[in-house]
Amino acid sequence: MHKLPAKDGIRNYIVSFGFLYRNNFFGLLTGILFGFLMSHAGATTYDFHAKMFLFENFQLMIVIGTAVTVAMIGVLILKRLKVRAIATGSEVDFVKKPYQKGLIVGAMLFGIGWGMSASCPGTIPAMIGEGKIGAIFALIGLLIGTTAYGLLQTYLMMARRHKALNLDDENKVPPCPDNSCGS
């Protein structure tokens, strides 16, 4: 059995650990940077949100508009350069999502929640990091809403499947794709 000196074994372990979790480290560092920038811009301050919705202070609206503009230009550049993902090395694919019926209602609910809590999903972790207790309740509401959405989508998908199989009548038997039901 081959044994490495303790120093080399520890070094190899640290290097392999870092290599294995490099994507997580990268995500953590960019998340911390994003939270810092949001906090510095005032996006984690309740007063800025309230004043933005009352059209009294446009600082946060300017920050959001700048972010949208920079993101649009960035995506355009990334599409033209056909960039590859940092983590996997595969080409980044920009696929448009299809329109869903509940999009307008969902956007309205999102806006109402944002107006009531003065926080959006991106600012909640930064607010918690700043020690703002109200953000914990916004996080709980976000988790409950996300869970409710997932349950509703599952229910609707099952209802569509049920309807597609014509199981509305109790006497009907679902079709067997491999003809193994009769045996």
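How many helices and strands does the secondary structure of the chain come to? The count is seven helices and zero strands. Read from the N terminus, the elements run α-α-α-α-α-α-α. The model is a predicted one.

## The chain overall

The chain has 183 residues, and buried residues make up 11% of them. Take the contacts in the chain with a separation of 6 or more: residues 24 or more positions apart account for 37% of them.

The largest nonpolar core has seven residues. Its members are M38, A43, M52, L60, W114, C120 and A126. One of them, A126, is in contact with G35, M38 and T44, leaving aside neighbours within four places in sequence. M38 is itself a member of this core.

T44 sits in the loop between helix 2 (22–41) and helix 3. Is T44 buried or exposed? T44 counts as buried because its relative accessibility is 0%, and the cut-off for buried is under 20%. With neighbours within four places in sequence set aside, T44 is in contact with M38, S39, T123, A126, M127, E130 and K132. That list includes two core residues, M38 and A126.

## The salt bridge

The T44 contacts also include E130 and K132. The side chains of these two residues, K132 and E130, meet in a salt bridge, at 3.0 Å from N to O. The structure holds one salt bridge. Side chains of opposite charge can pair when their charged atoms come close. K132 is partly exposed, with a relative accessible area of 21%. E130 is also partly exposed, at 35% relative accessibility.

## The loop between helix 5 and helix 6

S119 is in the loop between helix 5 (103–117) and helix 6 (124–129). At 5% relative accessibility, S119 counts as buried. What joins the side chains of S119 and S117? A polar contact of 3.0 Å does. Leaving aside neighbours within four places, S119 is in contact with H49, G113, W114, I124, M127 and A138. Among these, W114 belongs to the largest nonpolar core. M127 is a contact of T44 as well.

A118 lies in the loop between helix 5 and helix 6 too. Its phi is positive, about 55°, although A118 is not a glycine. Most residues other than glycine have a negative phi. A118 is buried, at 10% relative accessibility.

F55 is another residue other than glycine with a positive phi, near 55°. F55 lies in the loop between helix 3 (46–53) and helix 4 (59–81). Here the setting is solvent-accessible: F55 is exposed because its relative accessible area is 57%, and the cut-off for exposed is over 50%. A118, by contrast, counts as buried.

## Helix 4 and what follows

L78 is found in helix 4. L78 is partly exposed, with a relative accessible area of 34%.

## The surface patch on helix 7

Eight residues form a nonpolar patch on the surface: I128, I133, I136, F137, L139, I140, L143 and I144. Together they have about 740 Å² of accessible area. Which helix gives the largest share of the patch? Helix 7 (residues 134–164) does, with six residues. I144 is in helix 7. I144 is exposed, at a relative accessible area of 56%.

## Accessibility at a glance

The table gathers relative accessible areas of residues discussed above.

| Residue | Relative accessible area | Class |
|---|---|---|
| T44 | 0% | buried |
| S119 | 5% | buried |
| A118 | 10% | buried |
| K132 | 21% | partly exposed |
| L78 | 34% | partly exposed |
| E130 | 35% | partly exposed |
| I144 | 56% | exposed |
| F55 | 57% | exposed |

How values were computed. Residues are numbered from 1 along each chain as its sequence is written. This is a predicted model: local features need pLDDT of at least 70, side-chain atom pairs count only at pLDDT 80 or more; totals for chains, interfaces and linings use all residues. Side-chain values use heavy atoms; hydrogens and water are left out. Patches are made of residues with over 30% relative accessible area and no salt bridge: like charges are joined within 9 Å, nonpolar side chains (Val, Leu, Ile, Met, Phe, Trp, Tyr) within 5 Å. Accessible areas come from the Shrake-Rupley method with a 1.4 Å probe; for residues, only the protein chains shown count as cover. A salt bridge is a side-chain nitrogen of Lys or Arg within 4 Å of a carboxyl oxygen of Asp or Glu. Helices (H or I, at least four residues) and strands (E, at least two) are DSSP runs, numbered from the N terminus. Buried means under 20% relative accessible area, exposed over 50%, partly exposed in between (1.4 Å probe, protein chains only). A nonpolar core is a set of buried Ala, Val, Leu, Ile, Met, Phe, Trp, Tyr and Cys residues joined through side-chain atoms within 4.5 Å. Contact means heavy atoms within 4.5 Å. A polar contact is a pair of N or O atoms within 3.5 Å; within protein, one must be able to donate a hydrogen and the other to accept it, and residues adjacent in sequence count only if both atoms are side-chain atoms.
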